[in-house]
Each structure stands twice: as C-alpha cells, then as structure tokens.
Amino acid sequence: MKILFVDDEPHLLAGLRRLTHPLRGWSTRFANGGPEALRMLAEQPADVVVTDMRMPGMDGLELLRAVGSAHPGTACVVLTGFAEAGREAEASSVANGWLSKPCTLEALTQVIERATQQVARTTG
Amino acid sequence: MIQPDPADRTSAPPIDVGELRDVLAALPVLLFSFDAQGVSVLSEGGLLEPMQYRPGETVGWTLNDFAPLFPDLIEHAGRCLRGEMFSTRSSEADALSLDMHWIPRRSPDGEVIGMIGFASETSDTFDATALERSHRDYRALLSALPDHILRLHPDGTVLTVKPATDPRAAQPGPAWVPRPIDEVLPPDIAALLLRAAGEVQVSRREQLLEYGIGPGDAAEHFETRVLPAQDGQVLVIVRDVTRRRAEEAQQQQSSKLEALGRLSAGVAHEINTPIQFVSNNVEFMSQAFGSMHELLLTYRAALGGSDPRPWAERAADLAAREKELDVDFLLGEVPQAVEETLQGTRRVSTIVRAMKVFSHPSARELVEADINDAVANAVVVSASHHKLIAEVELDLGDLPPVLCVIGEITQVLLNLVINAAQALEARGVTEGRKGRIALRTRQEGEHVVVTVTDDGIGIPYEEQARVFEAFYTTKEVGVGTGQGLSLAWTIVVDNHDGRLALRSTPGVGTTFEMCLPIAGPARTKQGRATPPLVGQGRQ
C-alpha cells in the first residue's frame with residue numbers, strides 16, 4: 001500500500017516515518033505541504049493521502065479537492081489537531097476517513113484500511 | 001457745590017413727606033404698615049390707584065376693616081406681628097398678582113412694634129396654577145429618580161434628603177436631618193465626600209466619586225456626583241451602581257469565556273500536533289526498546305557458552321538477527337526521536353504555561369507583573385491565529401514591574417494580537433507575502449506603553465470612533481461578538497486608569513496603543529475621585 005503523509009510540521013512527519021517504518025507492505029512518502037504533495041502524486045500515484053487541515057498556503061481542504069479531481073482512486077484521510085466548524089463539515093464530505101491528533105498507529109492503520117476499502121468499492 | 005461736613009453724616013436732612021409720597025405713587029409698588037395693635041399707619045404706592053384707593057386713604061383702619069376686602073390680610077399681618085418674616089404671592093386684588101413681603105418692625109431692644117408690608121407686581125405671564133403644577137411635576141420627577149439626593153450645609157450637616165426609589169439601597173432618610181454627614185455615613189466615605197465638597201466649593205465644578213461600602217463581594221457600589229449649590233451648600237447625588245457593577249462583571253466574565261472558547265480551538269491545535277509526534281515517537285521508542293531487548297537476549301545466549309555451535313556460525317546468526325530487527329535504523333533514529341520528543345514536550349509546556357494566566361478568571365487582585373512576559377504569553381497562546389499568516393516582531397524594552405491585574409492585561413494583549421491577525425486575514429495574505437504584527441514595549445515616565453501594529457486591512461475612518469463600543473463588530477457571525485475591544489477598554493481605562501488609543505489608515509494598517517500607570521490604578525481601597533469627563537485630566 002502506497003501512502004502519502006502531508007503536514008507542515010516536519011517533526012510530525014518524522015514521528016510517522018519512524019513509527020510506520022517496520023510495517024511490511026507499506027510504502028510511505030512524506031510532503032511538507034499541499035503543492036509538494038500534488039507534485040509527488042503526479043510523479044507516482046498513492047493509494048491513500050493522509051493530510052493535516054491547517055497548513056500555510058494550500059490548506060487540507062484545498063488539497064483534498066485537488067486530489068479528488070486529479071486522482072479519484074486515491075483515498076483521503078484527514079489527521080487534524082482541531083477541526084474548525086464549517087471547514088470540518090466541508091472536509092468530511094470530501095474525505096474518506098477522519099482522525100484526531102493525537103492518534104495511535106493502530107487507529108491510523110484501521111482508518112487507512114477502511115478508507116481504501118471504501119474507495120475501492122466506489123471506484124469498482 | 002459745598003461738600004458736606006463728614007461730622008454731619010449722622011444727621012440726615014429731614015424728608016419732604018409730600019415729595020416721598022409722589023415718588024412712591026410713581027412706583028408700581030404697594031407699601032403699608034400696621035402698628036402692634038393692627039392699626040394701619042401707612043398706605044402708599046402706585047399700585048393703590050388700580051385698586052381704587054388714594055395714598056394714605058386707609059390710614060387709621062384696623063385689620064378687621066380690611067377683612068371683607070382682603071381676607072388673607074389678617075392671617076399674614078398677624079403672623080408678621082408675631083415676629084415672622086415671610087413672602088407670599090397672591091392675585092387677590094382684581095387683575096393684580098402681587099409678590100408680597102411681610103417684615104416685622106422691631107424696637108432697638110428687639111420687641112415687635114409693628115409690621116411693614118411691601119408688594120410689587122409679578123410678571124404678567126405668571127400663572128400660579130401652572131407654577132404649582134410644575135412644582136408638583138418637579139417633585140414627582142425628583143422622587144422618581146433612582147438616586148439619593150442630599151443637600152449639605154458648608155459645615156457638612158445634612159440639610160435635606162431625597163431617598164432613592166430603590167429600597168434595597170442603604171437608605172438615607174429624615175433621620176439624617178440635621179446631622180453631620182460623618183455621623184450617618186462610614187467615616188472614610190464621609191471624609192471622601194467632605195473633601196470633594198470642599199473642592200467643589202472652591203472650584204464650583206462637579207466632582208465624580210466612586211466607592212464601595214461593605215466588605216469584598218458583598219460591597220454596595222456607589223457613583224456619586226457632588227455639585228455646587230447656593231450659599232456654599234453642595235448637592236450630593238448618590239447612585240447605587242451595585243447591580244450595574246455586577247452585570248458588568250458578569251458580561252466581562254462571559255466575553256472572557258467566549259474568548260477562551262475561541263482560543264481553546266486554536267490552542268488545541270497547537271498542542272495536539274506536538275502531542276501527536278511525541279506519542280508517535282514514544283510508541284516508536286517502545287518498539288525499538290523491545291527489539292533491542294530481544295537482540296540483547298540473543299547476544300547473551302550467544303556469549304553464554306551453552307550454545308554448542310562454532311563462533312562463526314553464531315556471529316552470522318547474530319548479524320542476521322540484527323538485520324531482521326533493523327538495528328542500524330533504530331540506532332540512527334532513536335537519538336533523533338528522543339530529541340524531538342523533548343522538543344515537543346517543551347513546546348506543549350510553553351503553551352500551557354502561557355495559558356495558566358487565564359485559568360484563574362476570578363483572580364482580580366493587583367500584582368506587580370512583567371508586561372513583557374504578558375506580551376510573550378499572548379503571542380504564544382494566539383499562535384494558531386497568526387503563525388500561518390504573519391511574521392511576529394517583538395521589540396521589548398526594559399520595563400519596571402507594573403501593578404495590575406495581569407490576567408486582564410494579558411487578555412487585552414491577546415485580543416489585540418488576534419485582532420491584528422484577523423485584520424491581516426481580511427487583507428488576504430499569501431504564503432509568499434506574510435503579514436506583519438509588531439509588538440513593542442517601552443517605558444514613558446510613569447507609564448508603560450505597549451503598541452500592537454499590523455499591516456492589515458485597517459479600519460475605515462468613519463468607524464474608528466466606534467471600535468471600543470460594546471457589540472461593535474465588522475466580523476462575520478461566529479468570528480466574534482464585538483466584545484473584545486470594549487472589554488479591553490473596560491479593563492485598561494476603567495479598571496487600570498490607563499489609556500487605550502488607536503491609529504489606523506485603511507488599506508495600510510492599524511496600531512493600538514495601551515498605556516498603563518506603573519504604580520497601578522489611582523483607585524484607593526474605598527474610593528477614587530475621577531474627573532467628570534472621560535479622559536480629562538489624565539495623561
């Protein structure tokens with residue numbers, strides 16, 4: 001499974017990289033923001049994008065919309081510190097999964113698996 | 001012309017009675033006199049003619065002779081002959097309405113030997129019924145006022161009392177008259193009033209006093225105006241503002257909570273991100289320790305001598321196990337994971353420390369506080385509002401400790417920083433072109449000045465005067481209720497005797513300036529005198 005994590009906090013990406021390192025069958029990549037994530041997806045698609053909501057420049061909602069239109073087969077999961085009312089409702093209509101910081105590896109893998117299954121069903 | 005000899009001044013020349021009568025007849029007055037027995041001895045003046053009497057005509061009449069024509073005369077003259085001096089207003093004689101003055105005549109040893117009546121015409125427009133009505137209206141109005149109104153003699157004696165309509169207030173009443181003010185009020189309050197009364201008598205300008213009576217939370221709060229009246233007297237108008245103060249405090253509390261609610265969303269985000277990587281790293285290190293422990297046990301077994309295999313075989317086995325457990329990766333990552341975990345916990349504790357000042361919303365005591373700390377805390381706590389859109393510049397000068405309610409002041413700074421961030425957001429910022437929020441502190445004489453400058457959207461000139469009003473807001477519903485700046489005004493100007501000012505150019509940016517007295521508010525324990533107009537007399 002190919003997973004792309006997106007967050008503006010490098011330490012957060014580093015923590016996820018260490019934690020997911022031993023997982024067999026997971027191929028992980030990490031992007032520091034929306035534009036970088038879209039570039040990496042253009043080079044090589046992913047099964048799942050896991051993104052923060054609040055980021056400078058392009059925020060999570062914009063990224064999810066861009067991914068949704070360019071890569072409809074890619075599942076989208078939000079990993080956010082605190083959802084703002086309004087943005088949350090909009091994002092939840094675009095995202096296939098939702099996680100609140102802080103989350104454990106176990107919760108992360110469960111949501112990612114559910115999200116990919118959901119996308120697989122809808123895109124057939 | 002010959003100058004009169006000063007020695008002759010006591011002996012005035014005799015009066016020409018005929019001349020005097022002509023002069024009096026030319027004046028629109030009535031002058032009459034009765035002796036102690038009630039016999040008329042004088043009746044002169046120009047008003048006799050419209051009453052169809054000639055000067056001197058009624059001399060020799062007794063009071064009883066006048067009774068059918070002037071029924072009140074017996075009563076008034078009688079009072080006067082008993083020694084009372086007074087005035088009346090009447091319209092008895094035809095179309096004439098008269099102001100009458102009743103004056104006893106006394107012998108040199110003080111005995112009443114007669115009386116003098118003097119009358120002059122009142123104004124044509126005088127209408128006694130209207131006056132009476134207006135007096136009644138005035139009295140009704142006065143009694144409906146929610147204030148106590150006291151009139152004080154220059155020596156501090158209570159002359160009259162009009163109690164407030166609200167029976168809850170500590171009631172002044174007739175029992176206060178005529179007593180010295182320091183017998184009916186607590187001595188410190190009486191002293192405050194008397195000092196103000198003294199100043200009012202000199203300056204002839206109104207004074208405003210605020211004070212509380214009673215202990216702590218149970219105190220009743222009063223707002224009292226002291227005004228100059230006639231003859232050195234002063235009027236004291238006392239308004240019970242206990243309920244208003246309580247409402248203000250409540251409103252302040254709820255807007256504080258509202259601000260806290262908005263803040264907590266941002267702070268949760270600021271805290272949850274480091275918590276995420278701290279917990280991920282700890283989870284990673286726990287797994288790493290498990291792997292290293294397992295490897296250690298394998299090494300011990302290999303070295304223990306119970307393994308019968310040759311050394312080379314055992315070494316190859318250990319190397320394979322190390323690879324399997326990804327030991328090189330763990331050795332490379334664990335130190336970094338430890339370092340980043342420590343950074344994360346430091347970041348969280350910084351935010352929590354900065355939040356601590358808000359965790360005692362009821363603590364209102366004055367303390368000597370570091371305003372630069374408050375500025376730094378406000379910036380940390382509001383990070384989620386500005387970190388994506390603004391560069392924050394701090395220029396913190398050397399400041400002495402300032403006597404203030406530090407929680408309130410931090411709240412004000414926080415509101416100003418969040419406002420600045422919102423002004424930047426309204427202008428629209430891009431990643432390449434962040435906005436700027438500059439916070440500057442400095443000492444100016446007896447004050448500490450903090451400025452918060454942004455290069456955001458600015459405030460339209462026509463709205464600048466209104467930004468400190470309650471509920472004034474240009475923000476969308478949900479972003480704020482417009483309480484922030486009015487709360488700031490209450491805290492800085494009302495609670496701390498400071499100053500809050502604004503400079504803004506639409507499209508260029510805004511600077512808020514907060515100025516606090518280093519020595520704290522000029523409020524004493526019981527009360528404080530403030531000038532009648534907001535801002536007047538302050539620096």
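Q: Let's start with B:R21: how accessible is it?
A: B:R21 has a relative accessible area of 35%, so it is partly exposed. Buried means under 20% relative accessible area, exposed means over 50%, and partly exposed is in between (1.4 Å probe, protein chains only). Keep in mind that this is a predicted model: local features need pLDDT of at least 70, side-chain atom pairs count only at pLDDT 80 or more, and totals for chains, interfaces and linings use all residues. Residues are numbered from 1 along each chain as its sequence is written, chains are lettered from A and ligands numbered from 1 in the order in which they are written, and side-chain values use heavy atoms, with hydrogens and water left out.

Q: Which residue does B:R21 meet in a salt bridge?
A: The side chain of B:R21 meets that of B:E44, at 2.8 Å from N to O. A salt bridge here is a side-chain nitrogen of Lys or Arg within 4 Å of a carboxyl oxygen of Asp or Glu. The pair links distant parts of the chain, 23 residues apart: B:R21 is in helix 1 (residues 17-25) of chain B and B:E44 is in strand 2 (residues 40-44) of chain B. Helices (H or I, at least four residues) and strands (E, at least two) are DSSP runs, numbered from the N terminus.

Q: And B:E44, buried or exposed?
A: B:E44 is buried, because its relative accessible area is 6%.

Q: Which residues are linked in a network of salt bridges?
A: B:R442, B:E444, B:R499, B:R503 and B:E513 are linked that way.

Q: Back to the two chains. What is the area buried between them?
A: About 2400 Å² is buried between chain B and chain A, and carbon and sulfur atoms give 55% of it. Buried area is the accessible area (1.4 Å probe) that two parts lose on being put together, summed over both.

Q: How many residues take part in the contact?
A: Chain B gives 27 residues and chain A gives 27 residues. Contact means heavy atoms within 4.5 Å. B:H269, B:Q276 and B:L388 supply 26% of the area that chain B buries against chain A, more than any other three residues.

Q: What about B:S384, where is it?
A: B:S384 sits in helix 11 of chain B. It counts as buried because its relative accessibility is 3%. Leaving aside neighbours within four places in sequence, B:S384 is in contact with A:R54, B:G266, B:V267 and B:E270.

Q: New topic: which residues touch the most other members of the largest nonpolar core?
A: In that core of 50 residues, they are B:I371, B:I409, B:L413, B:I437 and B:M514. The largest share of this core, 10 residues, comes from helix 12 (residues 406-427) of chain B. A nonpolar core is a set of buried Ala, Val, Leu, Ile, Met, Phe, Trp, Tyr and Cys residues joined through side-chain atoms within 4.5 Å. Apart from it lies another core, of 29 residues, including A:V50 and B:F284.

Q: And what does B:M514 touch?
A: Not counting residues up to four places away in sequence, B:M514 touches several residues, among them B:I409, B:V412, B:L413 and B:R499.

Q: Last one: how many helices and strands are in chain B?
A: Chain B has 14 helices and 18 strands. Of its 539 residues, 41% are buried.
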